[in-house]
Amino acid sequence: MDYRPLGHSGLMVSKMVLGTVPFGGAHGFEKAASVGVEDASRILDIAFEAGINTIDTADLYSLGVTEEVTGKALGKKRNDIILATKGRSPLGDDPNNTGASRYHLIRAVEASLKRLGTDHIDLYQLHNWDGLTPIEETLEAMHHLVTSGKVRYYGTSNYSGWQMMKMLGKAEAHHYLKPVSQQIYYTPESREAEYELLPLALDQNIASLIWGPMGEGFLTGKVRRGQDTPPNTRQGEGWPEPYIHDMERAYDIIEELFAIGEAHDCSPARVCLAWLLDRPGVTSLIFGARTEEHLRDNLAATELKLSDEEHQRLEKLTRPIPLYPYWHRIVCGMDRWDPAEKPFLEGYAETIKHRDDDRASKSSDS
């Protein structure tokens, strides 16, 4: 297992992180969770033996039950690992039991500490943007939680690029501690994070922890063109995520994952994870597992080495369309590309060149 810096901090995290959505199974999470304390303890032991040193959870998962299961399953191993959780989500009808206000965040952290059975959280993540609370109030609350010792580091989750930069800029302007990480959705089928969030991570030295790297079960091989999805899976039980923009394109990507997997005698899920681990700006992949079989298969992605040709096949097939202002820079021949954007703009440039070559060919034929 390799370890990578958590953004601009001195903390080292494993490139695979164990997610805990499958732990618990209550309050609307029954379709995704069913693992109790005993099985969770076994899953954690296998993950730790493989070198994973970071666990990710949230107060939203099963509305606190997941944190309780995680805390009990960890037991005495708590201080041997990095424990991350999240808060901000609405946890009831009380209008103050949600958001990134000082009132809610401090209460949410204290409640998570109790459920997890610990006196501190190593990484606390703001689970989503709060469009009502002034960012200065949120920053002050996080600064207080870190300096009080209840939280060691903090990050964000599901922020847009401008929201993350606003937080970083306000923190610097007011001399508050800055977030060190962002938890974002990123898969071969859904590469929107390359437009802003991953370049931001490279430019600002922010860790990118990828949630749902297999598309919440969509890219594991259970979903396939012309076949019924097994009912005992998240996607087969009507889980609402992810949002698929183009189902036929998604099926093509799944078939490519199968093809590469067959060449390596491994699952498409393992191929998916191995490809993402080498993408620019990615720090760690967060994955969850309900069974030991799935856990071990996912862990094996760290040993899978895809060829350059296989990497390129997946990159070309899954490449996002060039959006403005990116296509404009390329069409106008702009120079001085930013190093943080360059790994992603190069793909757009190739796409536009092929389009222009096709246009020229059709024009000459006519």
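Modeller: Because the model is predicted, local features need pLDDT of at least 70 and side-chain atom pairs count only at pLDDT 80 or more, while totals for chains, interfaces and linings use all residues. Residues are numbered from 1 along each chain as its sequence is written, and side-chain values use heavy atoms, with hydrogens and water left out.

Colleague: Why is the pair of tryptophan 129 and tyrosine 159 called edge-to-face?

Modeller: Their centres are 5.2 Å apart, and the planes stand at 90 degrees, so the pair is edge-to-face.

Colleague: Why is the pair of tyrosine 195 and tyrosine 348 called stacked?

Modeller: The ring centres lie 6.1 Å apart and the planes are at 25 degrees, so this pair is stacked.

Colleague: How do you know whether tyrosine 195 and tyrosine 348 are buried or exposed?

Modeller: Buried means under 20% relative accessible area, exposed over 50%, partly exposed in between (1.4 Å probe, protein chains only). Tyrosine 195 has 11% relative accessibility and therefore counts as buried, and tyrosine 348, at 2%, counts as buried too.

Colleague: What makes the charged end of arginine 224 sit over the ring of phenylalanine 258?

Modeller: A charge sits over a ring if NZ of Lys or CZ of Arg is within 6 Å of the ring centre and within 35 degrees of the ring normal. The charged end of arginine 224 sits over that ring, 3.6 Å from the centre.

Notes:
Rings of Phe, Tyr and Trp (its six-membered ring) pair if their centres lie within 6.5 Å; planes under 30 degrees apart count as stacked, over 60 as edge-to-face and the rest as tilted.
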